[in-house]
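Biologist: Please present the model, so that its strands and surface may be discussed in turn.

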Amino acid sequence: MGSAASKRAGRDRDYLLQTLEEHESGINCMTLSADGSVLATGSDDNNIRLWSAKSDPVECLSILIGHSDYITHILIDENYLVSASADRTMRKWDITNGQCLFVYSGHTSLINRILCTGNDNIHCVENNHEQKQ
């Protein structure tokens with residue numbers, strides 16, 4: 001249970017190229033930059049890691065630290081990464097230097113998904129389990 005294979009019947013090729021084990025807990029989400037050079041992963045360890053996707057082997061470029069709960073979703077738009085977390089915040093990061101530029105707060109529950117539609121328009125969906133009475 002919980003495993004998958006990447007081999008097809010009749011082929012002897014192994015598709016696993018590298019395992020990235022630097023996160024301290026499970027990876028919840030990942031995204032690739034438009035040019036394919038940066039892979040970002042978000043984890044239960046509350047951190048985001050940026051990886052050099054075109055180097056062999058893949059190396060960790062930086063760790064984005066600031067969320068106080070697990071990462072639920074990430075996206076890359078040009079030189080920026082936007083992250084959502086169970087801590088009910090979103091953060092905008094500069095991926096060239098790893099700095100958090102802005103913290104979006106005010107949600108009442110964890111943020112499940114974020115979407116960037118260009119021109120600095122960011123939309124998000126939160127998960128509100130509160131029962132209306």
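Biologist: In which strand does tyrosine 80 lie?

Modeller: This is a predicted model, in which local features need pLDDT of at least 70 and side-chain atom pairs pLDDT 80 or more, while totals for chains, interfaces and linings use all residues. Residues are numbered from 1 along each chain as its sequence is written, and side-chain values use heavy atoms, without hydrogens and water. Strands are DSSP runs of E with at least two residues, numbered from the N terminus. Tyrosine 80 belongs to the run of residues 80-85, which is strand β6.

Biologist: Which residue is the bridge partner of tyrosine 80 in β7?

Modeller: Two strands pair if DSSP finds at least two bridges between them. β6 and β7 (residues 90-94) pair in the antiparallel sense over five bridges. Within β7, the partner of tyrosine 80 is aspartate 94.

Biologist: Which are the edge strands of the open sheet of four strands?

Modeller: The sheet has the order β5-β6-β7-β8, with antiparallel pairing. Its edge strands each pair on one side only; they are β5 (71-77) and β8 (99-104).
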